[in-house]
Amino acid sequence: EVQLVESGGGLVQPGGSLRLSCAISGFTFSSSAMSWVRQAPGKGLEWVSSIFSYFSNTYYADSVKGRFTISTDNAKNTLYLQMNNLKSDDTGVYYCAKAVAVGGGPLEVWGQGTLVTVSS
């Protein structure tokens with residue numbers, strides 16, 4: 001069974017850092033692209049970042065480029081999102097999601113989400 005379990009959210013001050021984790025099971029990073037998607041309070045889903053491990057490519061939304069880093073640890077079957085210089089606009093629930101294929105496509109499996117709150 002394919003499962004995604006996020007962790008690492010919390011309350012952080014503006015300018016601070018957090019690292020989100022997404023533990024995967026039932027598949028490998030070489031078989032599927034992975035993404036982080038967030039939802040701010042009262043707003044829709046916003047794509048944040050994707051990693052195509054098979055091709056060693058990463059992509060970021062303009063709003064997080066230069067501040068966030070997506071990565072994987074194959075030995076630990078874990079996807080990460082390192083978030084630095086956090087801003088209040090980064091507040092929201094962060095979801096990791098698995099694409100249908102190694103080259104991307106629709107996000108077919110989602111985690112339960114982890115809440116990030118950036119506030120002083």
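In the predicted model, the chain contains zero helices and 11 strands, and, read along the sequence, it follows the pattern β-β-β-β-β-β-β-β-β-β-β. The radius of gyration of the chain is 13 Å, close to the 14 Å that the globule rule gives for 120 residues, so the chain is as compact as a globular protein of that length. Along its principal axes, the C-alpha trace spans about 40 × 25 × 25 Å. Of the 120 residues, 42% count as buried, and the accessible surface of the chain comes to about 6000 Å², with 50% of this area belonging to carbon and sulfur atoms. Among contacts between residues at least 6 apart in sequence, 55% join residues that are at least 24 apart.

Four of the strands form an open sheet, in which the order is β1-β3-β8-β7 and the pairing is antiparallel. The edges of this sheet are taken by β1 (3–7) and β7, each of which has a single partner strand, so that one side of each is left without a neighbour in the sheet. On average, and with direction ignored, neighbouring strands of this sheet are turned by 15 degrees against each other. In general, the strands of a sheet pair through backbone hydrogen bonds, in either a parallel or an antiparallel arrangement. Strand β7 pairs with β8 (residues 78–83) in the antiparallel sense, over six bridges.

Within strand β7 lies S71, whose bridge partner in β8 is Y80. When residues up to four places away in sequence are not counted, S71 touches I51, T78, L79 and Y80. The C-alpha atom of S71 is separated by 26 Å from that of K43, a residue 28 positions apart from S71 along the chain.

Turning to the loop between β6 (57–60) and β7 (68–73), R67 is found in this segment. R67 has a relative accessibility of 9% and therefore counts as buried, since the cut-off for burial is under 20%. The side chain of R67 makes a polar contact with the side chain of D90, at 2.7 Å. D90 is also one of the residues that R67 touches, the others being Q82, M83, N84, N85, L86 and K87, again not counting residues up to four places away in sequence.

Methods. Residues are numbered from 1 along each chain as its sequence is written. This is a predicted model: local features need pLDDT of at least 70, side-chain atom pairs count only at pLDDT 80 or more; totals for chains, interfaces and linings use all residues. Side-chain values use heavy atoms; hydrogens and water are left out. Helices (H or I, at least four residues) and strands (E, at least two) are DSSP runs, numbered from the N terminus. Buried means under 20% relative accessible area, exposed over 50%, partly exposed in between (1.4 Å probe, protein chains only). A polar contact is a pair of N or O atoms within 3.5 Å; within protein, one must be able to donate a hydrogen and the other to accept it, and residues adjacent in sequence count only if both atoms are side-chain atoms. Contact means heavy atoms within 4.5 Å. Two strands pair if DSSP finds at least two bridges between them. Axes are lines fitted to C-alpha atoms, for helices over the stretch in contact, and angles run from 0 to 180 degrees between N-to-C directions. The radius of gyration is taken over C-alpha atoms; the globule rule is 2.2 Å times the number of residues to the power 0.38. Accessible areas come from the Shrake-Rupley method with a 1.4 Å probe; for residues, only the protein chains shown count as cover.
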